[in-house]
Amino acid sequence: MQGEATLRLLDKADKEILKLSRDVKGAIYDFQHRFRKNPANPELHFKQLKGHPRLYSAQVNQEYRALLLHAGDSDYVLVAVKHRKDVYDNLDRFAYQINPVTGGIEFVDLVSIEKKVLDETVVPSVPETLFAAFTVEQLLELGVAEPLLGLIAKITTEDELRGLTEHAPQLTAEVLLALHGGRTFDEVLDQVTTPVTAEEVVDAEDYQAALARPATQVTTDDTALQEVLEEGDFGRWRVFLHPTQRKVVERSYSGPARISGGPGTGKTIVALHRVRHLVDRLGPGDDKAVLLTTFNKNLAADLRQRLLELAGAEVARRVEIVNIDKLAAQVVAEAEPGGRRRWIDDTKALREWEELLGDQGETRWDGEFLHAEWSHVILGQSINSRADYFRARRAGRGRSISREDRAAIWQLVERYVKRLDDKEVWTFRQVAERAARLEIERARQRASYEADQVSSVKLQRESGIWHRPRYRHVVVDEAQDLSSAHWKMLRAMVPEGPDDIFLAGDTHQRIYGNYVSLGSLGINIRGRSSKLTLSYRITHELLRAALGMLGKEEWDDLDDGRDDLSAYRSVLHGTLPVLRSAVTWDAELDAVVEQVREWNDVALASIAVCVPERHMVAEVENRLGKAGIMASAIGPDGPKLYDAVHVGTMHRFKGLEYQRMILAGVAEGLIPSHHATQYEGTDPLRHRRELQRARSLLFVAATRARDTLVISWHGQRSRFLQ
């Protein structure tokens, strides 16, 4: 063979590569360049393996060999890297095929799987196999890899199942986990297999056609491969889309659509790929026709960087990427240039409420309740009069109030607004409500001009309103954190129609108390919702622990329905969370320092310490610093230093992930806080809501860990850890 070759890396091959030493990884990186340039290079010792018409080996270094699957012509796929003794002694234990259901290429190393499943587990006391209720024909119809059927028939424990799914082709793993989780054959066929079934008849011998299908997850990207080899952090989101995710990304929707799913299921990945897909379908232009927004600044900055890496500058220049409150502020500033008002955050806004109540001698209501009532109900629904407030819907507010109560609350709200006006300040909630009003009026004016057949190309302007849609498409990440006013503003920013709004979120991760009904806000997602159930980041062990923290609470779906994580699962395998107690906070801080010292095999930036209260951040940072360990607090714009242990409150870790994490201070009175528990006797509904939010906060924090999680407390441990 002469000339250059195409070499792709098959998904799952990276699992083996990550376990290899740094010098072997470097040899692999060098090998793939040499192979692409000239596979016939004598130094590579490239040869076909006996008994395998498509499987070849090539020398990576003196000890290791690359296994390559020949797809046809000059196309090859790197399916594994193994020690030479593990290659030639086990030729009959390598199997590959084109899956007849998905049409994707699958490679199975039966030796590695059998060792993981049968040798490293305890002999079961119950001989009943896990999948005895399903026939071979049923498993094949669901897309299970045929070479694994014999081994699957022997599985009797969950440990054995996890051992198999860690190395099995992805569809096989998903099907088996779903069946073991209690779903019926028909449910798995409909929910797991059908979404990834090939649209055309599959030719079991056409490997080049299989190579082009979404079910064959491969990459030729050198940067991604280099991350596997040099950094040990494979940025899968930049490379792979699960076929289910791809269908969500590329589907045409008749109106607003939603993707939901637990942490690590790829919601943000889908949102980013969706943005690229929408931009690719735009015609020529230089306007920012697509809006990508989320709740806070940290996430918006992260989305901007990830979109650049995923899609490049040409795509990114057509996208407005901004956090939702900054977007609202821009709308208000555009309509009211030169305004003198300052904007205050929720902490300062709450302080104003408390000072007002103190001045008034009011003890019936607390500042937090009134701030939430004003923000979510009055501002959220753009209520302008007492009469409208009497009729307002208070979904998600918990405590019921009488007509007399509403009258008293309205009077306090009027005094509060006057107080802010006198100080020439307003809250971000006020800004969002004002922006929503402006955008609604802008949309009304646009509709009026269109009805009068006035050319939108001329961009006529009247009273500060431009007569064209602000955006053609809107994509929202972390949708559960947006308020009613935010949604009203977004609804007015894009005309109703195909692919107008796409949102990704998980109400189990709601940490800001914004409860909305999208349908009531003009965003009808019913019939256009999809759920991702497979976690690509968190391990099975950490996932199970995190789900336990949610308790038995009920969770909404942003549209007056119910959501759950019953099908949420992971094919990754790791260690259980480590639970540690301490007598005092000072002793717990010492334990944090010792744990970070023990993790000297990873970069500092791969480690994080998460605490429930702000003052604890500085205390952890100082204690680590005194021990000679570089630490950096996470602020609104992220950590000040990258190459350091990152320390922050649970709110700050939203959207982030770390290889190893410590959740410190998970004690009763802190998680949940005394503030959350004080309403148990006086306001049971509010008490339940506060506990639910505390559970969400702990759930978000616990699911930031990829590999290792240590949970510590002093005094009495949190009830959520029981």
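This report describes selected strands, helices, core residues and backbone features of a predicted model.

## Basis of the description

The model is predicted: local features need pLDDT of at least 70, side-chain atom pairs count only at pLDDT 80 or more, and totals for chains, interfaces and linings use all residues. Residues are numbered from 1 along each chain as its sequence is written, and side-chain values use heavy atoms, with hydrogens and water left out.

Helices (H or I, at least four residues) and strands (E, at least two) are DSSP runs, numbered from the N terminus.

Five of the five residues of S9 (257-261) are buried, so S9 is largely enclosed by the rest of the structure. Buried here means under 20% relative accessible area, exposed means over 50%, and partly exposed lies in between (1.4 Å probe, protein chains only). Ala 257, Ile 259 and Gly 261 point one way from S9, while Arg 258 and Ser 260 point the other way.

Strands pair if DSSP finds at least two bridges between them. S9 pairs with S17 in the parallel sense over four bridges, and Ser 260 has Gly 505 in S17 as its bridge partner. S9 is also joined to S18 by four bridges, again with the two strands running parallel; here Arg 258 has Ser 529 as its bridge partner.

Helix H13 (residues 243-250) has Pro 243, Gln 245, Val 248 and Val 249 as its buried residues. Their cover includes strand S9, helix H14 (267-280), strand S17 (501-505) and strand S18 (529-532).

Pro 195 lies in the loop between helix H9 (185-193) and helix H10 (207-212). Leaving aside neighbours within four places in sequence, Pro 195 is in contact (heavy atoms within 4.5 Å) with Asp 190, Thr 244 and Lys 247.

## Strands S10 and S11

Strand S11 (residues 319-323) has four of its five residues buried, so S11 is largely enclosed by the rest of the structure. Strand S10 (residues 290-294) pairs with S11 in the parallel sense over five bridges. Within this pairing, Thr 293 stands opposite Val 322.

## The seven-stranded sheet

An open sheet is formed by seven strands in the order S23-S29-S28-S24-S27-S25-S26, with mixed pairing. Its edge strands, S23 (578-582) and S26 (638-639), each pair on one side only. Strand S25 (residues 631-635) and strand S27 (residues 645-649) run parallel and are joined by three bridges. Ala 631 has Val 645 in S27 as its bridge partner.

Helix H28 lies across strand S24 (607-611), strand S28 (658-663) and strand S29 (705-714), and runs at about 140 degrees to S28.

## The largest nonpolar core

A nonpolar core is a set of buried Ala, Val, Leu, Ile, Met, Phe, Trp, Tyr and Cys residues joined through side-chain atoms within 4.5 Å. The largest such core has 57 residues, of which Leu 624, Val 645, Met 661 and Leu 663 touch the most other members. H28 supplies the largest share of this core, eight residues.

Not counting residues up to four places away in sequence, Leu 624 touches Val 593, Val 596, Ile 629, Ala 631, Val 645 and Val 647.

## Helices H24 and H28

The axes of helix H24 (residues 540-549) and helix H28 (residues 684-702) come within 8 Å and cross at roughly 170 degrees. That makes H24 roughly antiparallel to H28. Axes are lines fitted to C-alpha atoms, for helices over the stretch in contact, and angles run from 0 to 180 degrees between N-to-C directions. Angles under 35 degrees count as roughly parallel, over 145 as roughly antiparallel, 65 to 115 as roughly perpendicular and the rest as oblique.

Ala 546, Leu 547, Gly 548 and Met 549 in H24 meet Arg 695, Leu 698, Phe 699 and Ala 702 in H28. By class, this contact has six nonpolar, one polar and one charged residues. Ala, Val, Leu, Ile, Met, Phe, Trp, Tyr, Cys and Pro count as nonpolar, Asp, Glu, Lys and Arg as charged, and the others, Gly among them, as polar.

## Backbone features

Most residues other than glycine have a negative phi, and most peptide bonds are trans. His 45, in the loop between helix H2 (22-37) and strand S2 (47-48), has a positive phi near 50 degrees. At 48% relative accessibility, His 45 counts as partly exposed. Asp 73 also has a positive phi near 50 degrees; this residue lies in the loop between strand S4 (64-72) and strand S5 (75-83). Asp 73 is exposed, with a relative accessible area of 62%.

The peptide bond that joins Ile 671 and Pro 672 is cis, with omega about -5 degrees. Pro 672 lies in the loop between S28 and helix H27 (674-677).
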